[in-house]
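The following explanation is intended for a reader who meets this structure for the first time.

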Amino acid sequence: MTPNEMSARAAAAAIRDRSLSSVELVQSCLDRIAAVDGEVEAWTHLDSGQALAQARERDAGRASGPLHGVPVGIKDIFDTADMPTENGSVLHAGRRPAEDAAIVARLRAAGAVIMGKTVTTEFALYAPGKTRNPHDPARTPGGSSSGSAAAVAAGMVPLAIGSQTKGSVIRPAAFCGIYGYKPTHGLISRRRMLELSRALDHVGVFARDIGDVALLAEAIVGFDGRDPDMRPGAAPDLIAAAAAPPAPPRLAFVETPVWPGADEDTKAAFQALAKSLGAHVAAVALPPAFASADDWHATILCGDLARGFAAEYAADRDRLSPRLRTMIERGQGLEAGDRGRALENVAKLRRALGEVFGRYDAILTPAAPGEAPLGLETTGDPAFCTIWTLCGVPAMTLPLLEGANGMPMGAQLVADRGEDARLFRAARWLADFVGD
C-alpha cells in the first residue's frame, strides 16, 4: 500500500509515531495527482511546493492535533488566505481573500496540510466545472463539490471539504463511490464560505470510510459566534459513534415523493437491501406535504440568490450561466412573504419528520436516482437530497451498492436534527451489515 492509499487515521497515527513523515504522505498524494488528474481534473489550484512546505513544517514540529501532517482538499468556495478562492466563476477569477474561512483555520489548528483548492461548479450551483468521474471519465462526478469527491475517490487525498445547499455532498459522494456527510444545519461554521442561502447552506466532508469522515468532521465542529445559525452546546462525539460496535438501529425505508424518478436498478437494489435487512427496517410513507418540498426549497434559494448575487447580475449578467440567471430572475419575481411562507412550511415538515424519528433511529433512502449519468453537461439530479437539506437534518452517503453499469450507487441515511452521533452509529452498523 502506498501512503496515499492509507486511511487518514492510519496516516495520522504513523506520522505521530514517526514511521511515516508528512512529506512522504504529501509526496505520495502528489505522485497520484500527477498520474491521474490529467484525466480527472479535480483541482483548480495546486502548488506542490506550497503543499510540501507545509508538510516539512509539520514534520519539524510536535504533533499539533488529530490531523497532524494529513493533506485535505478544500472546495474552492472556502476562503484561504494563501491561495485563490474563485468560487467556480470567471467573475471571481484571481480573487485573493485576506483571511481563512473558519473551517480552514480549524484544519490548520488540527495540523492538517491544506493541499489545494478543488473544483466547484459555478458559484456552487449547477453549471459544471471541468472535473470528471474517476470511475469513468465520460460520466459526471456530481456537483457542486465535484473536485472534492473525485479527489478522494481517486486516491489524491484521503480527506476533502465540500458544501451542500441541495445535494452537493451526498450526490457526488454517491456518484464517486465514497462516504459523504452533511451535518445538522448549524453544526459546522460557514464563516467565509460562499453564501448562497443562510437557511440552506451546509459544510460537508468526504472520505473513504466512516472513521475518516468522523475524524475530519470532529476536527471542524465547534461553536463560532460569527455564524448566526450556530448555537453553543456540546459537540457530538462522532469518532466514538463511528468506532464503537453499535446496537442494531431501527431503520425506516422511505421512498420519498421523487421515488418514481429513480432508475429501475436503483429501485431493485433498494428493495433487495430492504428485504435483506428484515426486521431491522420498515417501510414508511411521508405525509403528502413533502411533495411540495422542492418548490419550497426553490423559493427560499432563488430569493436568497436574487439578493446575494444582485451585484454580479447587475454588472455582468451575460457571463453568468443561463441556469443561474433564471434562478436569480425567479427570485426577483417573488412576492413579499413568499420566502417566509416557505420557511413556515419547512417548520411543519420538520415536525412531521420528528414524529418519524420518534419511532426510528434513521431513514434509509437513495442518495441519487442512480449511477452517475453519462455526459458532462450536467451534474445529475439532486432530488433525493432536497427534503433533508431543506429540513436541516444530518445525512450520509454510504457507497454500498452498484448499478447496472458497474458504477457506484449510494445509500443515504438520515437522522433527526442534532442526532449526528446517532447517524454515525447507524451508518457504522449498516456498513458492517452489508459488508458481512
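## A walk through the predicted model

In β10, the residue that forms a bridge with Tyr181 is Met396. The bridge belongs to a set of 3 that join β5 to β10, and the two strands run antiparallel. Met396 also has a partner in β11, namely Leu413. Strands β10 and β11, the latter covering residues 408-414, are antiparallel and are joined by 6 bridges. Between these two strands the hairpin has 5 residues, and Gly406 takes a positive phi near 80° there. Of the 8 residues of strand β10 (residues 395-402), 6 are buried, so the strand is largely enclosed by the rest of the structure.

Strand β5 (residues 179-182) pairs with β6 over 3 bridges in the antiparallel sense, and Tyr179 has Ala207 of β6 as its bridge partner. Ala207 is likewise the bridge partner in β6 of Leu159. Strand β4 (residues 159-164) and β6 run antiparallel and are joined by 6 bridges.

How many of the residues of strand β6 (residues 202-207) are buried? The count is 6 of the 6, so β6 is largely enclosed by the rest of the structure. In a regular strand the side chains alternate between the two faces of the sheet. In β6, His202, Gly204 and Phe206 point one way, while Val203, Val205 and Ala207 point the other way, and all are buried.

Helix α5 may be considered next. The buried residues of α5 are Ser146, Gly147, Ser148, Ala149, Ala150, Ala151 and Val152. After the helix comes Gly155, with a positive phi near 80°.

Tyr181 and Leu413 have already been met, as bridge partners of Met396. Beyond its neighbours within four places in sequence, Phe78 is in contact with several residues, among them Ala101, Ile103, Val104, Ile161, Arg192, Met193 and Val203.

The pockets come next. Rolling a probe the size of a water molecule over the atoms shows where empty space is left. The largest pocket holds about 550 Å³ of space. Its lining consists of 28 residues, and Thr184, His185, Gly186, Leu187 and Asp229 are the ones nearest the centre of the pocket. Helix α13 (residues 338-357) supplies the largest share of this lining, with 5 residues. Sorted by class, the lining of the largest pocket has 15 nonpolar, 6 polar and 7 charged residues.

The second largest pocket has a volume of about 160 Å³. Among the residues that line it are Tyr126, Lys166, Asp294, His297, Arg323 and Arg330. The most comes from α10, with 5 residues. By class, the lining of the second largest pocket has 5 nonpolar, 2 polar and 4 charged residues.

Some backbone sites remain to be noted. Most residues other than glycine have a negative phi, and most peptide bonds are trans. Which peptide bond is cis, with omega near 5°? It is the bond from Gly143 to Ser144. Ser144 lies in the loop between β3 (113-118) and α5.

Asn87 is not a glycine, yet its phi is positive, at about 60°. This residue is found in the loop between β2 (71-75) and α4 (102-109). Is Asn87 buried or exposed? Asn87 has a relative accessible area of 3% and is therefore buried, the limit for that term being under 20%.

Arg192, a residue other than glycine, also has a positive phi, near 65°. Its place is in the loop between β5 and β6. Arg192 has a relative accessible area of 31%, so it is partly exposed. Arg192 is also one of the residues in contact with Phe78.

Technical notes
Residues numbered from 1 in each chain as written. Predicted model: local features only at pLDDT ≥ 70, side-chain atom pairs only at ≥ 80, totals over all residues. Heavy atoms only, no water. Buried < 20%, exposed > 50% of the residue type's maximum accessible area, 1.4 Å probe, protein only. Helix = DSSP H or I, 4+ residues; strand = E, 2+ residues; numbered from the N terminus. Contact = heavy atoms within 4.5 Å. 1 Å grid on protein atoms, 1.4 Å probe; cavity = no way out; pocket = protein on both sides within 12 Å on 5 of 7 lines; lining within 4 Å. Points joined across faces, edges and corners; volume = space filled by probe spheres on them. Nonpolar A, V, L, I, M, F, W, Y, C, P; charged D, E, K, R; others polar. Pairing = 2+ DSSP bridges.
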